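I opened the model to look up a few helix contacts and the confidence scores. My entries follow.

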Amino acid sequence: MIAMTSLRAFVTALLLLTLAACATTAPVAPKPGVVLPPPVQPVKPPPTPPPPETKPPLSPNLPKGIETSGAAAPVISLVKAARASLAAGRTDQAGASLERALRIEPRNAWVWQGLSQLHIVTQQAEQAESEAKKSISLGKRNPYLDVENWRLLAEARTLRGDVAGAAQAQARHEELQRLIEP
Amino acid sequence: MALPPIDRRTLLRYALIALTLISSALLVWVALQVAVLDREIRSRFSNVRWVLPAQVYAAPQELYPGLNLPLSELQQELNRLGYRAVPALEGPGSFVATAGRLDIATRSFTFWDGEQPATRMQVQGGVDGISAIRDLNSNAEIDLTRLDPMLIGSIYPSRGGEDRVLVRLADSPALLVQGLLAVEDRNFYSHGGISIRGIARAALENLTAGKLRQGASTITQQLIKNFFLSSERTVKRKLKEILMSMLLEVHYSKDEILEAYLNEIYMGQDGSRAVHGLGLASSFYFNKPLSELKAQELAMLVGIIKGPSQYDPRRRPERVRARRDLVLKIWLETKLISREEYEAAKALPLGLSGNSRGGVERYPAFVQLVTRQLREQYPEEALTNEGLRIFTTLKPRVQEALEQRLTIDLPALEKSRKLVSGKLEAAGVVTSAEGGEVQAVVGARNTRYAGFNRALDSRRSIGSLAKPFVYLAALMQPERYHLNSLIADEPITVKLSRNNIWSPANYDKKLHGNVPLYMALAQSYNLPTVRLGMEVGVSEVQSVFAGAGFFDAPALPSIFLGALDMAPLEVAQVYNTLAASGYQTPLSSIREVLTKEGMPLKRYPFKVKQTLPEGPVYLTTWALRKVLEQGTARAAYNAIPSSMALAGKTGTTDDLRDSWFAGYSADQVAVIWVGRDDYKSTGLTGASGALPIWARLMRDLNAKTLEDAPPADVEETLIDPGSGLRANENCPRTMTVPYMAGYLPTAAAPCAGGALAEPSQWLQEMFN
């Protein structure tokens, strides 16, 4: 059995080695003792894909806000408290509530979005941009979440003076808006 | 012999004049002295009446339904906070433990965002954590609450520092105040600062004894002594004391004097730190606030005021107990307590807190870090004098888990490896991945040692801990590298300068042919790492280090193998950036600072900035998981359950001088260093020294498993590990590998039918 497996592996390896010699892009199997082409095997670089603009049917299960996202109850109440503080202009208090929420659920995309909103208000553009990006990456491509994240990105980039970046983010924001509004 | 009458009269007149002059001068002199003393007293009292060191608190334990804190651990937390286990709920600071629930009477506490009043609540749950919390008064469900935070230390001047916890007379237990007066100064509210009878008695005693002894002093006199005077015993000092006491009484009310006394009186010594006042004495001896002390505990405190070194409760418990019982007897005689209370209190032991440090100065290594961060922003005096309240990020449970590991595992390691006992040193740091909060710091094998802090100050070569940053620099070029790129494990020489050729070798001195990139990292091979580093360039690797938060990596190829010195805390910083998916957060140990009145002064909001690209960081983390699954850290799974996915890296330096492990779960980063202060060989690799400690720590912390959640620009695909090509369900062995989107292998593996498309040449060659 072992012999069979190693034979098969050997043949496979040989097969691949040979292929590598004639083909241009195929990677090479590791096989000690065989001289190989340079170790770096660049794979055929396709054009960098911007996220494709598709309009898949939106899942009805997508949460439209943190209240229905399955977040823990204390996290939801802290985010609500933060919103109230922010509306009242108490930015320090809002920050404290959001950070407390983040300690409970460090990877909650809605909390990260709340932080980004806060730092737009306090004009901390770089931080707001990082937080919106983090929210996007943790948000599992939920357009209801991301529509606001791209708006925040556009605002943050405007604050930083990145006109092109802001326009790009604004475009993405509008796309998502069309997607979620029937 | 009689003098002429005229002479006598003249003489008398001269004598009278002289007497008047002398007494006037004396009066002026006394008046001047009094004025000087008066000013001294008033300035001392009206400005800062007492020096208040900044108080340092741990992070409060948050409580909410769904928290995976087993009730047994919550109970431990309550014990650490000095809550009393009682059969039925009493006042704040007590709890009742029954199966599946804990009834807790919490203490009120002023947090940064306001006061949380004392409540009585019921916490339900079990081994898995908390299932429900409700208010015992209103019966309402509680969403989220927190316990009062633990006082973990204070910042007082390093030499001869006074430490105290402020108490208000109005908040002090009545029995303490009445009991204190009953023992020390029964006529306090009626005398004018001194007791004539007491002084007369002392003077008589001194005369008969032939030397000066400690005379009976009023509360006022004792306060003056503590405030201004040395302990020398001279008539001059005694006179000064009497004079100042009377002056104090003129300017200040009895209650003000008594409150000052409660905060000023010397209550004991803790190394170089002088324990002043009953507030600190309460936590120093009983690890509880003054308001929660019982009769026998209050009696002990009142008893030892007489001479805290002579009556040191920890060193002379019998003598102190006798003194305490005497105080209780006086209280019985003065009807402050009933006969039943007296009998019950007398029967109880001293009940000192188990921790010899008595609830303060628990975690000196962490407090050092806090002090250092504060010194950047506050003048020294503000820290040691103004009673700032510092709220930190320390998690007592995490800190104690780390301390326990080092305390148990180092001696065990020395024993099992037959090393000289007591020579190994160690340090450790735990941080929260998102937010960069320092949760635990240990700076020495003697975990509560307040001296040299290796976690902050011992910069040692990091060895292979540097490798992930080399691989990350490569993976940031997806057009050149992916996790399955083959890297030659072959000898390599690097020309450092004209006469300096560097030829590194693998740790096992073997060559492994061509290895996939991820495997070269997992097995910590040196040669492929140097090859990769040379291909991407030193400056690229330097900038990855900078992105991770370390800015001092030299422009030398030797950094690929970790020839750079870092402290464990700095290592935690760079691994923290990896754990946070490329978002750098400067590590912080402080959340908020309040004034002594509880007013918010400053908040330290967390800062975050994306410094490294998420996709390549995700690929690096994937490879670091392989370190534990297949590579040099396989032994980790002897301690942690196989379902727990963690990422990390071993580090070993030349001659086995340093044994490192740095790694992370979904929400925590931990770094362990083991080595010797004299830089001699430990005989340990990263895998045999630091790794087992790290793995058991992660087990003890119940670490959260890493999620398989690739970011948007990463795609996963099924690969045939033999060929590194795309696999399908027909392939005997497959693995799922993440690639940067757009750079996935396109060719199918032979097992997936791919290679058979072009068989001619290899068939010919095979059968030739």
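Predicted model: local features only at pLDDT ≥ 70, side-chain atom pairs only at ≥ 80, totals over all residues.

Contact here is C-beta atoms, placed from the backbone, within 7 Å. Helices (H or I, at least four residues) and strands (E, at least two) are DSSP runs, numbered from the N terminus. After α19(B) comes B:G549, with a positive phi near 115°.

Residues are numbered from 1 along each chain as its sequence is written, while chains are lettered from A and ligands numbered from 1 in the order in which they are written. pLDDT is the predictor's confidence in each residue, from 0 to 100. Chain B averages 89, and 93% of its residues score at least 70. Residues 757-768 of chain B stay under 50; I found nine contacts for them beyond four places in sequence. The complex gets an ipTM of 0.81 and a pTM of 0.82 from the predictor.

I checked α3 (residues 91-104) against α4 (residues 109-121) of chain A: the axes come within 10 Å and cross at roughly 160°. The pair is therefore roughly antiparallel (angles over 145 degrees). Axes are lines fitted to C-alpha atoms, for helices over the stretch in contact, and angles run from 0 to 180 degrees between N-to-C directions. From α3(A), A:T91, A:A94, A:G95, A:L98, A:A101 and A:L102 take part; from α4(A), A:V111, A:G114, A:L115, A:L118 and A:V121 do. I sorted these residues into eight nonpolar, three polar and no charged. Ala, Val, Leu, Ile, Met, Phe, Trp, Tyr, Cys and Pro count as nonpolar, Asp, Glu, Lys and Arg as charged, and the others, Gly among them, as polar.

The axes of α14 (residues 396-416) and α22 (residues 690-700) of chain B come within 10 Å and cross at roughly 140°. I therefore logged α14(B) as oblique to α22(B). B:A401, B:L402, B:R405, B:L406 and B:D409 meet B:P692, B:I693, B:R696, B:L697 and B:D700.

Notes: Parallel < 35°, antiparallel > 145°, perpendicular 65-115°, else oblique. Contact = placed C-beta atoms within 7 Å.
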